[in-house]
Amino acid sequence: QTPCGLRCNPTALACEGAVDPSNGFAAQLDAATGQPALAITQQLFFSTTTDFNAAAGTITVGSQQVKATLVAGANGAPDVVVLSVGSLTVAAGITLTVYGERPVAIMSAGDITIAGTLEIVTGFATTGEPCFGVSSGATGGDNDVPGAGGGGFGQAGGTGGTIIGIGAGKSGGMATGSATLIPLRGGCSGGTDSLGGGGRGGGSAQLTSATAIRLAGAIGANGTGGAVSAGGGSGGALLLEAPIVELSGGVFANGGGGGCGGFSAGANGTSSLTPAP
């Protein structure tokens, strides 16, 4: 047996020079050869739900129709919208935001260069999973609400705040998923309370280049804050893979903060080294 550094050809029993992407997106990476470059030079957003045209096999990104395929998720994970591009560039000072209910994967034949910001607000976990924070309810004569638990994902979510004499804070959601991000899926919501909803879990994205990924800007898949006394959502998932990966910028999947005892909503997670309070 000979271990292949990039991809094995099981038919010819030989090693290939092509990259073998995680989550079974090899066909979509191969299809990226000859596709136009995707260059983001102005503030843009697109949705993996409303901008995806399954019949045409495209997704609309600004004024450009990009080749895209819907790939079924494994083991109950959500379906993934996989883009095939010649290359991807996000210019400095520019933000590309991806919305929608499905995770996104971008397969690039050439370099992926992000000097600006890529925000991933897509691909949430389904409801009712053990990674969701435990919800709370109103108790006590003054409608006092112990804090709901935060969403878990890469690690367990935080415990909600206790009100002495009224009730203990609720437990955070369990750690879940795979450290390899196979299958690709997003983060988990914080628990709700009787007055507001829990924060949304961060999105999920896979960036694969057959040549190189160069990140001088930032990529974020951050959770949002919980309302009132609800729990914050967990951070999401970001997978970067290429023969060369250069990171002089930042990759962030921060959770949102819990709501502050009925006085204010929790802060959203940000693409920075500062955690949400």
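Two strands count as paired here if DSSP finds at least two bridges between them, and the strands themselves are DSSP runs (E, at least two residues) numbered from the N terminus, as are the helices (H or I, at least four). The structure is a predicted model, so local features need a pLDDT of at least 70 and side-chain atom pairs count only at pLDDT 80 or more, while totals for chains, interfaces and linings use all residues. Residues are numbered from 1 along each chain as its sequence is written, and side-chain values use heavy atoms, with hydrogens and water left out.

On that basis, 7 strands make up an open sheet with mixed pairing, in the order 5-6-7-8-11-14-17. Strand 5 (52-53) and strand 17 (237-241) sit at the edges, each pairing on one side only. Strands of a sheet pair through backbone hydrogen bonds, either parallel or antiparallel. Strand 7 (residues 64-71) and strand 8 (residues 80-85) run antiparallel and are joined by 5 bridges. Within this pair, Ala-68 has Leu-83 of strand 8 as its bridge partner.

Leu-83 turns up again in the nonpolar core. A core is a set of buried Ala, Val, Leu, Ile, Met, Phe, Trp, Tyr and Cys residues joined through side-chain atoms within 4.5 Å. Buried means under 20% relative accessible area, exposed means over 50%, and partly exposed is in between (1.4 Å probe, protein chains only). The largest core has 30 residues, of which Ile-40, Ile-59, Val-61 and Leu-83 touch the most other members. Strand 8 supplies the largest share of this core, 3 residues. Another core, of 9 residues, lies apart from it and includes Val-19, Leu-29, Val-71 and Ala-105. As for Ile-40, leaving out residues up to four places away in sequence, its contacts (heavy atoms within 4.5 Å) are Val-61, Leu-88, Thr-89, Val-90, Ala-91, Ile-94 and Leu-96.

Val-71 also touches a polar residue, Gln-28, which is found in helix 1. Gln-28 counts as buried because its relative accessibility is 11%. Besides Val-71, Gln-28 is in contact with Thr-69, Val-82, Ser-84 and Met-107, neighbours within four places in sequence being left aside.

Turning to charges, the model has 5 salt bridges, each being a side-chain nitrogen of Lys or Arg within 4 Å of a carboxyl oxygen of Asp or Glu. Arg-7, Glu-16 and Asp-30 are linked in a network of them. The closest N and O atoms are 4.0 Å apart for Arg-7 and Glu-16, and 3.1 Å apart for Arg-7 and Asp-30. The Arg-7 to Asp-30 pair links distant parts of the chain, 23 residues apart, with Arg-7 in strand 1 (residues 7-9) and Asp-30 in helix 1 (residues 26-31). Arg-7 counts as buried, since its relative accessibility is 11%, whereas Glu-16 is partly exposed at 29% and Asp-30 is partly exposed at 40%.

Arg-185 forms another salt bridge, with Glu-129, and here the closest N and O atoms are 3.0 Å apart. Both residues lie in the loop between strand 13 (117-122) and strand 14 (204-209), 56 residues apart. Arg-185 is buried at 12% relative accessibility, while Glu-129 is partly exposed at 23%.
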